[in-house]
Amino acid sequence: SLIVTGVQTCALPILGGKDVVLVTGSDLAEQAMVMLQGFEVVFAGRQPTEDDLIALCKRHNPVAILVRYGRITEKVMDAAPALQVISKHGSGIDVIDQTAAAERNIAVRAAPGANAAAVAEHTWALILACAKSVVPLDKRLRDGHWDKATHKSIELEGLTLGLIGLGAIGSRVATIGHAFGMKVLAYDPYAKSMPALCERAETLTGLLSRSDVISLHCPLTDENRGMINSQTLAHCKRNAILVNTARGGLIHSESLLAALRDGTLHSAALDSFTHEPLTAPHLWQSVENVVISPHIGGVTAASYIRMGTVAASNILAVTDATTASS
(Lines give C-alpha, C1' and ligand atoms only; values in the text may rest on other atoms or scores of the structure.)
Protein backbone atom coordinates (compact mmCIF):
# COMPACT_ATOMS: atom_id res chain seq x y z
CA SER A 1 0.00 0.00 0.00
CA LEU A 2 1.09 3.52 -0.67
CA ILE A 3 0.72 7.01 0.74
CA VAL A 4 2.25 9.78 -1.29
CA THR A 5 3.25 13.25 -0.19
CA GLY A 6 5.43 13.81 -3.24
CA VAL A 7 5.47 12.23 -6.70
CA GLN A 8 4.90 8.52 -7.10
CA THR A 9 6.16 6.12 -9.73
CA CYS A 10 4.01 3.13 -8.87
CA ALA A 11 1.18 2.27 -6.52
CA LEU A 12 -0.22 -0.78 -4.80
CA PRO A 13 -3.70 -1.07 -3.26
CA ILE A 14 -4.07 0.68 0.09
CA LEU A 15 -5.13 -1.94 2.61
CA GLY A 16 -4.67 0.05 5.82
CA GLY A 17 -3.58 -1.04 9.26
CA LYS A 18 -0.03 -1.86 8.19
CA ASP A 19 3.29 -0.67 9.54
CA VAL A 20 4.71 2.30 7.69
CA VAL A 21 7.96 2.65 5.76
CA LEU A 22 8.89 6.30 5.18
CA VAL A 23 10.88 6.95 1.99
CA THR A 24 12.80 10.23 2.02
CA GLY A 25 12.25 10.87 -1.65
CA SER A 26 9.51 10.82 -4.24
CA ASP A 27 10.04 7.46 -5.91
CA LEU A 28 11.34 3.93 -5.48
CA ALA A 29 11.95 1.11 -7.95
CA GLU A 30 8.83 -0.94 -8.63
CA GLN A 31 10.74 -4.10 -7.68
CA ALA A 32 11.44 -2.60 -4.25
CA MET A 33 7.80 -1.53 -3.89
CA VAL A 34 6.71 -5.12 -4.49
CA MET A 35 9.09 -6.29 -1.75
CA LEU A 36 7.54 -3.76 0.64
CA GLN A 37 3.92 -4.59 -0.17
CA GLY A 38 3.40 -5.77 3.42
CA PHE A 39 3.85 -2.14 4.54
CA GLU A 40 2.24 1.19 3.83
CA VAL A 41 4.88 3.21 1.99
CA VAL A 42 4.91 6.96 2.54
CA PHE A 43 6.96 9.21 0.25
CA ALA A 44 8.33 12.39 1.78
CA GLY A 45 8.69 14.12 -1.58
CA ARG A 46 11.75 15.65 -3.22
CA GLN A 47 14.44 17.04 -0.92
CA PRO A 48 12.53 16.85 2.37
CA THR A 49 13.68 19.09 5.21
CA GLU A 50 14.21 17.97 8.79
CA ASP A 51 10.90 19.59 9.73
CA ASP A 52 9.15 17.71 6.92
CA LEU A 53 10.53 14.39 8.16
CA ILE A 54 9.69 15.13 11.79
CA ALA A 55 6.10 15.95 10.84
CA LEU A 56 5.75 12.78 8.77
CA CYS A 57 7.26 10.64 11.54
CA LYS A 58 4.85 12.09 14.08
CA ARG A 59 1.94 11.47 11.73
CA HIS A 60 2.82 7.92 10.66
CA ASN A 61 5.26 6.57 13.31
CA PRO A 62 7.19 4.47 10.75
CA VAL A 63 8.97 1.24 11.66
CA ALA A 64 11.54 1.97 8.94
CA ILE A 65 12.97 4.93 7.09
CA LEU A 66 14.40 4.30 3.63
CA VAL A 67 16.82 7.14 3.01
CA ARG A 68 17.13 8.62 -0.45
CA TYR A 69 17.61 12.32 0.32
CA GLY A 70 18.03 14.49 3.39
CA ARG A 71 19.57 13.85 6.79
CA ILE A 72 18.21 11.57 9.50
CA THR A 73 18.89 13.34 12.79
CA GLU A 74 18.13 12.42 16.38
CA LYS A 75 15.10 14.72 16.24
CA VAL A 76 13.71 12.72 13.32
CA MET A 77 14.33 9.47 15.20
CA ASP A 78 12.66 10.77 18.36
CA ALA A 79 9.56 11.62 16.35
CA ALA A 80 9.19 7.92 15.42
CA PRO A 81 9.15 5.78 18.60
CA ALA A 82 8.34 2.63 16.56
CA LEU A 83 11.43 3.08 14.37
CA GLN A 84 13.46 -0.13 14.06
CA VAL A 85 15.71 0.44 11.04
CA ILE A 86 17.11 3.22 8.87
CA SER A 87 18.05 1.80 5.47
CA LYS A 88 20.15 3.79 2.99
CA HIS A 89 19.36 3.77 -0.71
CA GLY A 90 23.08 3.52 -1.48
CA SER A 91 26.32 3.15 0.44
CA GLY A 92 26.89 6.53 2.11
CA ILE A 93 25.45 6.50 5.63
CA ASP A 94 27.11 9.76 6.73
CA VAL A 95 23.69 11.44 6.35
CA ILE A 96 22.43 9.33 9.27
CA ASP A 97 23.32 10.19 12.87
CA GLN A 98 24.72 6.76 13.63
CA THR A 99 25.51 7.53 17.26
CA ALA A 100 21.94 8.63 17.91
CA ALA A 101 20.63 5.51 16.16
CA ALA A 102 22.83 3.23 18.27
CA GLU A 103 21.67 4.93 21.46
CA ARG A 104 18.07 4.21 20.46
CA ASN A 105 18.73 0.62 19.33
CA ILE A 106 17.80 1.54 15.77
CA ALA A 107 19.60 -0.52 13.13
CA VAL A 108 21.41 1.36 10.35
CA ARG A 109 21.89 -0.47 7.08
CA ALA A 110 23.47 0.44 3.74
CA ALA A 111 23.56 -1.00 0.23
CA PRO A 112 27.32 -1.29 -0.34
CA GLY A 113 28.31 -2.19 -3.87
CA ALA A 114 24.82 -1.70 -5.29
CA ASN A 115 25.97 1.30 -7.31
CA ALA A 116 29.69 0.45 -7.54
CA ALA A 117 29.70 -0.12 -11.29
CA ALA A 118 27.77 3.08 -11.93
CA VAL A 119 30.04 5.26 -9.78
CA ALA A 120 33.22 3.73 -11.19
CA GLU A 121 32.03 4.38 -14.72
CA HIS A 122 31.11 7.97 -13.88
CA THR A 123 34.50 8.44 -12.25
CA TRP A 124 36.17 7.50 -15.50
CA ALA A 125 33.83 9.71 -17.49
CA LEU A 126 35.00 12.62 -15.33
CA ILE A 127 38.69 11.67 -15.46
CA LEU A 128 38.56 11.49 -19.24
CA ALA A 129 36.57 14.72 -19.48
CA CYS A 130 39.37 16.46 -17.57
CA ALA A 131 42.29 14.79 -19.33
CA LYS A 132 40.83 15.36 -22.79
CA SER A 133 39.31 18.82 -22.08
CA VAL A 134 35.95 17.58 -23.37
CA VAL A 135 33.81 20.39 -21.94
CA PRO A 136 35.96 23.42 -22.88
CA LEU A 137 36.71 22.03 -26.35
CA ASP A 138 33.01 21.49 -26.95
CA LYS A 139 32.28 25.08 -25.93
CA ARG A 140 35.14 26.47 -28.02
CA LEU A 141 33.99 24.62 -31.12
CA ARG A 142 30.39 25.76 -30.63
CA ASP A 143 31.72 29.31 -30.36
CA GLY A 144 33.42 28.93 -33.74
CA HIS A 145 37.02 28.07 -32.78
CA TRP A 146 39.03 25.20 -34.31
CA ASP A 147 41.79 24.43 -31.77
CA LYS A 148 43.44 21.43 -33.41
CA ALA A 149 46.70 23.27 -34.03
CA THR A 150 47.08 24.53 -30.45
CA HIS A 151 45.43 22.09 -28.06
CA LYS A 152 47.27 19.23 -26.35
CA SER A 153 45.32 16.70 -24.26
CA ILE A 154 46.75 14.60 -21.43
CA GLU A 155 47.66 11.01 -22.31
CA LEU A 156 46.93 8.69 -19.38
CA GLU A 157 49.11 5.73 -20.33
CA GLY A 158 52.19 5.68 -18.15
CA LEU A 159 50.79 8.17 -15.62
CA THR A 160 50.01 7.38 -11.99
CA LEU A 161 46.46 7.01 -10.71
CA GLY A 162 46.11 7.65 -6.98
CA LEU A 163 43.03 6.27 -5.25
CA ILE A 164 41.93 7.41 -1.81
CA GLY A 165 39.81 4.49 -0.66
CA LEU A 166 39.84 1.01 -2.17
CA GLY A 167 36.41 -0.42 -1.52
CA ALA A 168 34.00 -1.78 -4.13
CA ILE A 169 34.11 1.42 -6.19
CA GLY A 170 37.81 2.21 -5.82
CA SER A 171 38.73 -1.34 -6.78
CA ARG A 172 36.76 -1.06 -10.02
CA VAL A 173 38.38 2.28 -10.81
CA ALA A 174 41.79 0.68 -10.17
CA THR A 175 41.10 -2.15 -12.62
CA ILE A 176 40.14 0.30 -15.36
CA GLY A 177 43.19 2.45 -14.62
CA HIS A 178 45.40 -0.58 -14.98
CA ALA A 179 43.74 -1.34 -18.33
CA PHE A 180 44.63 2.19 -19.46
CA GLY A 181 48.26 1.40 -18.76
CA MET A 182 48.47 3.53 -15.65
CA LYS A 183 50.40 2.80 -12.48
CA VAL A 184 47.91 2.53 -9.63
CA LEU A 185 48.53 3.71 -6.07
CA ALA A 186 46.00 3.38 -3.28
CA TYR A 187 45.79 4.96 0.15
CA ASP A 188 43.40 3.08 2.40
CA PRO A 189 44.50 2.54 6.01
CA TYR A 190 41.58 0.12 6.50
CA ALA A 191 42.48 -2.19 3.61
CA LYS A 192 44.18 -5.30 4.97
CA SER A 193 45.68 -6.17 1.61
CA MET A 194 46.17 -4.67 -1.84
CA PRO A 195 45.33 -6.34 -5.15
CA ALA A 196 48.31 -7.15 -7.33
CA LEU A 197 47.64 -4.23 -9.66
CA CYS A 198 47.84 -1.68 -6.80
CA GLU A 199 50.75 -0.33 -4.81
CA ARG A 200 49.94 0.76 -1.27
CA ALA A 201 50.65 4.39 -0.36
CA GLU A 202 51.48 4.61 3.33
CA THR A 203 50.31 8.21 3.72
CA LEU A 204 47.86 10.57 2.07
CA THR A 205 50.55 13.13 1.29
CA GLY A 206 52.73 10.37 -0.15
CA LEU A 207 49.94 9.45 -2.55
CA LEU A 208 49.26 13.07 -3.52
CA SER A 209 52.94 13.74 -4.25
CA ARG A 210 53.16 10.85 -6.73
CA SER A 211 49.77 10.91 -8.46
CA ASP A 212 48.90 12.50 -11.80
CA VAL A 213 45.23 11.68 -11.32
CA ILE A 214 43.69 11.61 -7.82
CA SER A 215 40.29 10.05 -7.24
CA LEU A 216 38.35 9.93 -3.97
CA HIS A 217 36.42 6.79 -2.99
CA CYS A 218 36.16 6.83 0.79
CA PRO A 219 33.21 7.43 3.13
CA LEU A 220 32.97 10.75 4.94
CA THR A 221 33.85 10.56 8.64
CA ASP A 222 34.72 13.04 11.36
CA GLU A 223 38.36 12.02 10.93
CA ASN A 224 38.66 12.70 7.20
CA ARG A 225 36.34 15.67 6.81
CA GLY A 226 38.19 18.34 4.81
CA MET A 227 41.15 16.02 4.19
CA ILE A 228 41.79 17.70 0.83
CA ASN A 229 42.79 21.21 1.94
CA SER A 230 45.50 23.80 1.38
CA GLN A 231 48.02 21.81 3.43
CA THR A 232 47.49 18.50 1.66
CA LEU A 233 47.04 20.04 -1.80
CA ALA A 234 50.49 21.62 -1.40
CA HIS A 235 51.92 18.08 -1.76
CA CYS A 236 50.28 17.46 -5.15
CA LYS A 237 52.24 17.03 -8.34
CA ARG A 238 51.96 20.11 -10.52
CA ASN A 239 49.03 19.94 -12.98
CA ALA A 240 47.40 16.89 -11.39
CA ILE A 241 43.72 16.05 -11.94
CA LEU A 242 41.42 15.64 -8.91
CA VAL A 243 38.08 13.79 -9.13
CA ASN A 244 35.53 13.40 -6.34
CA THR A 245 32.61 11.00 -6.75
CA ALA A 246 32.52 10.26 -3.02
CA ARG A 247 31.40 12.98 -0.58
CA GLY A 248 31.73 16.74 -0.89
CA GLY A 249 32.78 17.14 2.72
CA LEU A 250 36.09 15.44 1.98
CA ILE A 251 37.28 18.60 0.21
CA HIS A 252 37.72 22.13 1.52
CA SER A 253 36.16 23.97 -1.41
CA GLU A 254 38.04 27.26 -1.14
CA SER A 255 41.36 25.43 -0.98
CA LEU A 256 40.46 23.47 -4.11
CA LEU A 257 39.48 26.67 -5.89
CA ALA A 258 42.86 28.23 -5.04
CA ALA A 259 44.70 25.13 -6.31
CA LEU A 260 42.78 25.26 -9.59
CA ARG A 261 43.56 28.94 -10.06
CA ASP A 262 47.28 28.82 -9.26
CA GLY A 263 48.08 25.80 -11.42
CA THR A 264 48.62 23.33 -8.61
CA LEU A 265 45.86 21.32 -10.29
CA HIS A 266 45.25 21.06 -14.01
CA SER A 267 41.55 20.49 -13.42
CA ALA A 268 38.99 18.89 -11.14
CA ALA A 269 35.69 17.10 -11.50
CA LEU A 270 33.08 17.03 -8.74
CA ASP A 271 29.97 14.91 -8.43
CA SER A 272 29.27 15.73 -4.78
CA PHE A 273 29.33 18.87 -2.71
CA THR A 274 29.44 19.96 0.91
CA HIS A 275 25.97 21.47 0.64
CA GLU A 276 23.43 19.90 -1.68
CA PRO A 277 21.57 20.59 -3.86
CA LEU A 278 24.01 22.93 -5.53
CA THR A 279 22.02 25.92 -6.74
CA ALA A 280 23.05 29.13 -8.48
CA PRO A 281 24.84 31.26 -7.58
CA HIS A 282 27.56 28.85 -6.47
CA LEU A 283 31.33 28.69 -6.18
CA TRP A 284 31.94 26.66 -9.35
CA GLN A 285 29.79 28.54 -11.85
CA SER A 286 32.59 30.55 -13.45
CA VAL A 287 35.52 28.16 -12.91
CA GLU A 288 36.48 26.88 -16.34
CA ASN A 289 38.79 24.04 -15.27
CA VAL A 290 36.24 22.22 -13.14
CA VAL A 291 33.60 19.78 -14.39
CA ILE A 292 30.53 19.37 -12.18
CA SER A 293 27.60 16.95 -12.12
CA PRO A 294 24.63 16.85 -9.71
CA HIS A 295 25.61 13.84 -7.53
CA ILE A 296 24.38 11.36 -10.12
CA GLY A 297 27.45 9.13 -10.34
CA GLY A 298 25.61 6.22 -8.78
CA VAL A 299 22.33 6.75 -10.60
CA THR A 300 21.67 4.47 -13.54
CA ALA A 301 18.58 2.48 -14.44
CA ALA A 302 20.25 -0.71 -13.20
CA SER A 303 21.71 0.73 -9.98
CA TYR A 304 18.38 2.40 -9.15
CA ILE A 305 16.79 -1.05 -9.00
CA ARG A 306 19.71 -2.61 -7.09
CA MET A 307 19.85 0.15 -4.50
CA GLY A 308 16.09 0.03 -3.99
CA THR A 309 15.85 -3.74 -3.65
CA VAL A 310 18.86 -3.99 -1.33
CA ALA A 311 17.46 -1.18 0.84
CA ALA A 312 14.11 -2.93 0.94
CA SER A 313 15.67 -6.30 1.79
CA ASN A 314 17.57 -4.66 4.66
CA ILE A 315 14.29 -3.35 6.04
CA LEU A 316 12.67 -6.77 5.74
CA ALA A 317 15.62 -8.47 7.44
CA VAL A 318 15.46 -6.21 10.49
CA THR A 319 11.69 -6.03 10.86
CA ASP A 320 11.27 -9.78 10.32
CA ALA A 321 13.95 -10.48 12.93
CA THR A 322 12.25 -8.12 15.38
CA THR A 323 8.89 -9.80 14.78
CA ALA A 324 10.41 -13.25 15.22
CA SER A 325 12.03 -12.32 18.54
CA SER A 326 8.94 -10.65 20.00
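1. A pocket, as the word is used here, is an open set of grid points where a 1.4 Å probe fits, with protein on both sides within 12 Å along at least five of seven lines. Please keep in mind that this is a predicted model. Its second largest pocket holds about 440 Å³ of space. The lining is made up of 20 residues, and V135, P136, V287, E288 and N289 are the closest to the pocket's centre.

2. Which elements give two or more residues to that lining? They are α5 (116-131), α6 (134-142), β12 (265-270) and β13 (290-292). The most comes from α6, which supplies 4 residues.

3. L137 has 28% relative accessibility and so counts as partly exposed, the class between 20% and 50%. Setting aside neighbours within four places in sequence, L137 is in contact with K132, D147 and H151. A80 sits 57 residues away from L137 in sequence and 52 Å away in space, C-alpha to C-alpha.

4. The buried residues in α7 are I169, G170, V173, A174 and G177. Because these buried residues fall within an arc of 135 degrees seen down the axis of α7, they line one face of the helix. Their cover includes α5, β7 (160-164), β8 (183-187) and β9 (198-200). Just after α7, G181 has a positive phi of about 85 degrees.

5. Now for some backbone details worth a check by eye. Most peptide bonds are trans, and most residues other than glycine have a negative phi. The loop between β12 and β13 contains P277, and the peptide bond from E276 to P277 is cis, with omega near 0 degrees. P281 is also in the loop between β12 and β13; a cis peptide bond joins A280 to P281, with omega about -5 degrees.

6. Where do the asparagines N105 and N239 lie? N105 is in the loop between α4 (98-103) and β6 (107-109), with a positive phi near 55 degrees. At 71% relative accessibility, N105 counts as exposed. N239 belongs to the loop between α9 (230-233) and β11 (240-244). Phi of N239 is also positive, near 70 degrees, and at 44% relative accessibility N239 counts as partly exposed.

Definitions and conventions: Residues numbered from 1 in each chain as written. Predicted model: local features only at pLDDT ≥ 70, side-chain atom pairs only at ≥ 80, totals over all residues. Heavy atoms only, no water. 1 Å grid on protein atoms, 1.4 Å probe; cavity = no way out; pocket = protein on both sides within 12 Å on 5 of 7 lines; lining within 4 Å. Points joined across faces, edges and corners; volume = space filled by probe spheres on them. Buried < 20%, exposed > 50% of the residue type's maximum accessible area, 1.4 Å probe, protein only. Arc of directions from axis to C-beta. Contact = heavy atoms within 4.5 Å.
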